[in-house]
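I opened my notebook for this chain.

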Amino acid sequence: MAPQKRKTAGTGSNGTTQTSKRGKLDLSRPHPNAQQSEDFGIVLREFYPPEMSNERCLAYNDGTLERPIETLQRAYAETADQRRAINASSAVVHWFKSDLRLHDNRALQMAHQTAKEHNIPLIGLYILSPQDLTAHLSSPARVDLTLRTLDQVKRDLSELDIPLYMETQELRKNIPRRIVDLCQQWGANHLYANLEYEVDELRLEAKLVRLCVKNGIKFETAHDACVVPPGQVASQQGKQYAVYSPWYRAWLAHLNKNRDCLELSEEPGPNPGDARKHFKELFDSEVPEAPENKQLSEEEKKYLGQLYPAGEHEALRRLEVFLEEKVRDYADARNMVCGQTTSILSPYFASGSLSARMAVEHARKVNKGSLQHGDPGLVHWISEVAWREFYKHVLVHWPFICMNKCFKPEFTNLEWEYDEDKFKAWCQGKTGFPIVDAAMRQVKQDKWMHNRTRMVVASFLSKDLLIDWRRGERYFMENLIDGDFASNHGGWGFGSSTGVDPQPYFRIFNPLRQSERFDPDGEYIRKWVPELRGIKGPAIHEPYARGAGAIAEKNGYPRPMVDHSKSRGQALDRYKRASENGP
């Protein structure tokens with residue numbers, strides 16, 4: 001990874017203030033509502049400190065506090081001479097994380113090339129961390145997909161005579177030391193990995209850079225999760241975009257000017273060294289078991305295994321089928337929630353079975369070489385893939401959003417409700433709003449939800465029920481098979497009007513209008529809310545107000561738990577007060 005010049009004020013190695021632009025503020029002081037957010041299950045105190053103050057968020061913005069990406073860049077800059085002096089030894093290691101594929105895996109290709117240059121074996125490494133899975137709210141469905149994918153990766157690597165060593169490391173703090181110990185055990189002086197941009201991951205990698213150097217190991221990372229690395233798309237003033245549209249235009253311009261960003265890395269060839277002679281036992285490594293708190297039932301495993309077969313081969317097959325058969329209608333049909341109108345590739349992006357670069361490049365080729373002109377379906381789909389990248393760029397520049405805060409910190413002060421009964425009704429799909437209930441029941445069974453209904457249910461929780469959106473954000477991560485922190489946070493920021501979206505807070509989704517527009521025949525509702533299947537016509541969207549209340553009541557379907565017009569007025573009042581009071 002090439003270090004970039006820092007633009008922030010000086011900080012200590014742990015990010016503590018040396019010279020503060022924010023005067024003598026106590027940036028370690030928690031937010032006034034810290035206890036409330038902890039009690040409601042928003043801040044996991046087992047792993048993290050109390051909710052930070054809004055002033056601490058602003059300290060990241062003005063450079064008083066060092067961003068984690070800058071901590072990593074500094075670690076690379078300060079160890080550059082030492083790393084250059086390290087020579088290859090008996091093996092090269094690639095550390096797999098959320099990049100579970102052989103095709104277009106940049107760090108894996110770098111590792112293979114180094115092994116090839118020195119004619120030494122390449123070893124794959126994967127470490128399962130139960131504490132990380134809990135701290136990062138990984139869903140049992142996503143953990144299951146990861147483990148199934150690891151099994152496929154192991155088989156694919158084995159065909160190339162490359163072993164994949166896997167183990168469970170119970171204590172997350174021991175992972176850096178364990179990686180170093182394994183490298184020393186195998187005689188590997190070169191370690192490669194792809195960057196992950198969440199705060200915990202960047203800080204761990206910065207620590208590992210220094211620890212590796214102290215032990216004679218060269219740790220190199222690659223920007224692989226994004227087509228364009230964070231920090232390379234900036235405004236004319238050199239600032240990170242906080243609004244998608246201008247960012248997307250700049251992103252397209254950057255790609256059109258730097259086509260190498262879309263160059264796909266080759267799949268590694270056969271192992272350059274004789275791994276079966278020197279590391280025979282590593283080929284017998286077994287895929288770890290899911291931790292007890294992340295296990296699925298056998299019935300769930302079978303069901304989800306059929307819905308989402310694991311691995312890059314399935315991901316590439318789905319990509320090919322979508323681009324050949326469905327993408328032409330994507331521009332017009334992508335918001336319709338009934339039927340498969342989207343690619344459903346998000347589980348494969350999240351697990352790393354498919355790179356965003358591969359998806360965009362394949363779509364560009366199908367679109368006769370253009371990213372922004374040509375077939376409307378292809379153009380729209382490329383822009384949707386880019387949303388995932390935009391949210392990662394935002395995460396890197398505003399890291400406090402990875403610390404239980406929102407992009408607009410003032411809305412942390414909003415007078416939220418913390419009603420467990422209402423939240424439970426929302427989770428169970430028993431709100432009395434058919435489109436909301438259908439969506440919540442879908443995520444409970446399929447562990448996936450259409451993007452349109454994600455927006456609908458997020459708006460309903462935060463603006464109709466006025467429940468702190470962060471609890472919904474957590475629920476999604478703990479249930480979705482495609483849970484990706486940056487995208488999930490970005491979506492909830494949109495739905496709750498606390499994120500980077502430039503629209504003001506008074507955009508509040510009307511569940512009835514959304515239902516009528518995007519599920520006009522009620523097919524989606526009838527599929528997921530069996531109590532309402534006997535209702536014909538438009539009454540399906542609002543049974544108690546349109547003469548179908550008897551059927552709904554007979555089948556046990558609840559009446560609407562709130563009056564949308566009244567809830568809307570209350571939300572507008574509270575959002576207005578929070579925005580006027582500022583951070």
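**Entry 1: the sheet**

I looked up an open sheet of five strands, with parallel pairing and the order S3-S2-S1-S4-S5. Strands pair if DSSP finds at least two bridges between them. Strands (E, at least two residues) and helices (H or I, at least four) are DSSP runs, numbered from the N terminus. At the edges I found strand S3 (164–168) and strand S5 (218–222); each has a single partner strand, so one side of each has no neighbour in the sheet. The twist averages 25° from one strand to the next. Angles run from 0 to 180 degrees between N-to-C directions, with axes fitted to C-alpha atoms, for helices over the stretch in contact.

I then checked one pair. Strand S2 (residues 122–128) pairs with S3 in the parallel sense over five bridges. Leu125 has Tyr165 in S3 as its bridge partner.

Helix H8 (residues 175–186) packs on the sheet and makes about 155° with the direction of S2. Helix H9 (residues 199–214) also packs on the sheet, touching S1, S4 and S5. Touching means contact, with heavy atoms within 4.5 Å.

**Entry 2: Trp416**

I found Trp416 in the loop between helix H17 (376–397) and helix H18 (420–428). Is Trp416 buried or exposed? Trp416 counts as buried because its relative accessibility is 6%, and buried means under 20% (1.4 Å probe, protein chains only). Beyond four places in sequence, its contacts include Phe411, Trp469 and Tyr575.

**Entry 3: the source**

The model is predicted: local features need pLDDT of at least 70, side-chain atom pairs count only at pLDDT 80 or more, and totals for chains, interfaces and linings use all residues. Residues are numbered from 1 along each chain as its sequence is written, and side-chain values use heavy atoms, without hydrogens and water.

Technical notes. Buried < 20%, exposed > 50% of the residue type's maximum accessible area, 1.4 Å probe, protein only.
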